[in-house]
Amino acid sequence: MDKQEKAEKTEKAKMDKLDKKIAKADKQKVARTLASVAKATGMDDGADTGYSDLERRLQLAEESSGKLSAVWQPSIDSLLRFRPGMRVADMDGSAHPGFDGTKEDAERFIELSSHQIAFYQELLYANGVDGGKRRMLLVLQGMDASGKGGIVRHVFRQGNPMGISYHGFGKPTEEEKAHDYLWRIRKELPQNGWIKIFDRSHYEDIVMPHVYGTYPEDVWRARYDEVNDFENALIDDGCSVIKIFLVVSRDCQKKHFLGRLDDPHKYWKFDPSDLDARARWDDYMDAWQEVFEKTSTRRAPWYLVPADHRWYSRAVVSELLRVGLRDMGLNWPPAHFDMAEARRRLEEEEDEQ
């Protein structure tokens with residue numbers, strides 16, 4: 001080995017050591033940030049924050065949410081929001097862009113974020129009870145075994161069932177086929193103050209005929225504009241719309257399918273038709289690519305989320321949901337009753353006893 005080769009080898013070793021040091025520092029930074037949020041919210045030891053003032057509670061929630069968002073470098077919006085030139089077929093399902101922490105850090109992030117989601121969800125529900133029209137629709141799409149169901153369980157782990165609703169769309173029934181394709185969608189939209197999760201959605205009524213030719217091309221192509229108009233009308237009426245496509249790799253899907261075949265407790269999750277869809281993987285990717293290009297709008301963008309690592313996709317969905325709720329800018333509804341009179345009646349009740 002000559003002197004130049006030896007010098008180059010030494011320099012490479014130094015750079016590798018520096019890269020490892022930087023990566024370790026990034027991971028430690030994520031852990032420190034999460035610990036800071038836990039301490040600020042009292043979650044590190046289960047203590048109550050002690051704040052009773054409504055504005056202070058809202059301020060604390062906003063500050064904590066901002067610290068959680070700082071974990072992502074750069075932001076999820078800049079990384080995963082669909083933009084011209086993005087190709088779903090080229091995405092790496094095993095990647096975890098923007099998050100330099102460990103799996104354990106991601107689980108901690110989800111725990112802290114869920115705490116904030118529960119706070120904002122209660123705030124949204126309270127406004128709905130008070131007559132407000134704000135609500136949220138979360139659309140989850142992805143190939144089979146992309147983890148849609150697990151996301152619902154993990155992200156909403158601390159939420160109140162009163163105010164959250166879930167609906168999975170399968171093959172249209174005969175009754176549903178007798179109506180316009182948006183009929184069954186409109187039936188399941190969130191009530192005022194509620195969060196509704198769609199596991200599959202109206203986009204199936206574009207992708208499936210695109211892949212299998214079950215409707216003439218001019219019919220399903222017209223649905224792009226119809227869906228955009230439909231979502232714009234929802235937003236105009238106070239409904240926030242978050243659309244997420246979980247990008248799972250073929251290898252990862254195969255692993256999950258084999259896991260279902262190996263476990264008697266998971267036989268019910270497997271359907272031979274899933275293999276038919278898998279055989280047409282490229283056709284599905286082409287169909288979804290066109291969906292993103294035609295329906296990812298400024299007001300209702302698509303987010304393409306790598307989903308081989310469940311901890312990562314769940315953390316991303318948690319971030320998008322929490323920020324979406326926070327940015328509604330809601331406040332606690334005022335009392336619409338005579339508080340002094342209510343208090344007087346309760347005190348009189350105590351005197352009588």
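Visitor: What does the accessible surface of the chain come to, and what share of it belongs to carbon and sulfur atoms?

Guide: Welcome! This is a predicted model. The accessible surface of the chain comes to about 19200 Å², and 49% of that belongs to carbon and sulfur atoms.

Visitor: How many helices and strands make up the secondary structure of the chain?

Guide: There are 15 helices and five strands. The chain has 353 residues, and 43% of them count as buried. Among contacts between residues at least 6 apart in sequence, 83% join residues at least 24 apart.

Visitor: How many aromatic pairs does a search of the whole structure find?

Guide: The search finds 19 aromatic pairs. One of them is formed by W72 and F109, with 5.7 Å centre to centre and 85 degrees between the planes.

Visitor: What makes W72 and F109 an edge-to-face pair?

Guide: Let's check both values. Ring centres must lie within 6.5 Å to pair, and here the distance is 5.7 Å. Planes over 60 degrees apart count as edge-to-face, and here the angle is 85 degrees. The pair is therefore called edge-to-face.

Visitor: Where in the chain do W72 and F109 lie?

Guide: W72 is in the loop between α2 (54-69) and α3 (76-80), while F109 is in helix α4 (residues 103-129). They are 37 residues apart, and the pair links distant parts of the chain. Both W72 and F109 are buried.

Visitor: Why is F292 called buried?

Guide: Buried means under 20% relative accessible area. F292 has 0%, so F292 is buried. W302 also counts as buried, because its relative accessibility is 0%. Ring pairs link F292 and W302 with F82, Y203, F245 and W288 into a cluster.

Visitor: What makes you say that the charged end of R223 sits over the ring of Y181?

Guide: One part of the test is distance: CZ of Arg has to be within 6 Å of the ring centre. For R223 and Y181 the distance is 4.2 Å.

Visitor: Which residues touch the most other members of the largest nonpolar core?

Guide: They are W72, F156, I244 and L325, in a core of 48 residues. Helix α4 gives the most to this core, with nine residues. F156 touches L138, I151, I164, I195, I197 and L321, not counting residues up to four places away in sequence. Apart from this core lies another, of 35 residues, among them Y181, V207, V211 and M285.

Visitor: Why is K133 called partly exposed?

Guide: Exposed needs over 50% and buried needs under 20%. K133 has 43%, which lies in between, so K133 is partly exposed. K133 is found in the loop between α4 and β1 (135-142), and touches N192, D237 and G238, leaving out residues up to four places away in sequence.

Visitor: How far apart are K133 and C239, in sequence and in space?

Guide: K133 and C239 are 106 residues apart in sequence and 7.5 Å apart in space, C-alpha to C-alpha. C239 is buried, because its relative accessible area is 1%. C252 is buried too, with 6%. The structure holds zero disulfides.

Visitor: Which residues of helix α8 (residues 204-212) are buried?

Guide: They are E204, D205, I206, V207, P209 and V211. What covers them includes β1, α7 (183-187), α9 (217-221), α10 (223-236) and α13. Just after α8, G213 takes a positive phi of about 65 degrees.

Visitor: How do you know that I185 is buried?

Guide: I185 has a relative accessible area of 0%, and under 20% means buried. I185 lies in helix α7. I185 touches F169, F198, S201, H202 and F230, again not counting residues up to four places away in sequence.

Technical notes
Residues are numbered from 1 along each chain as its sequence is written. This is a predicted model: local features need pLDDT of at least 70, side-chain atom pairs count only at pLDDT 80 or more; totals for chains, interfaces and linings use all residues. Side-chain values use heavy atoms; hydrogens and water are left out. Rings of Phe, Tyr and Trp (its six-membered ring) pair if their centres lie within 6.5 Å; planes under 30 degrees apart count as stacked, over 60 as edge-to-face and the rest as tilted. Helices (H or I, at least four residues) and strands (E, at least two) are DSSP runs, numbered from the N terminus. Buried means under 20% relative accessible area, exposed over 50%, partly exposed in between (1.4 Å probe, protein chains only). A charge sits over a ring if NZ of Lys or CZ of Arg is within 6 Å of the ring centre and within 35 degrees of the ring normal. A nonpolar core is a set of buried Ala, Val, Leu, Ile, Met, Phe, Trp, Tyr and Cys residues joined through side-chain atoms within 4.5 Å. Contact means heavy atoms within 4.5 Å. Accessible areas come from the Shrake-Rupley method with a 1.4 Å probe; for residues, only the protein chains shown count as cover. A disulfide is a pair of cysteine sulfur atoms within 2.5 Å.
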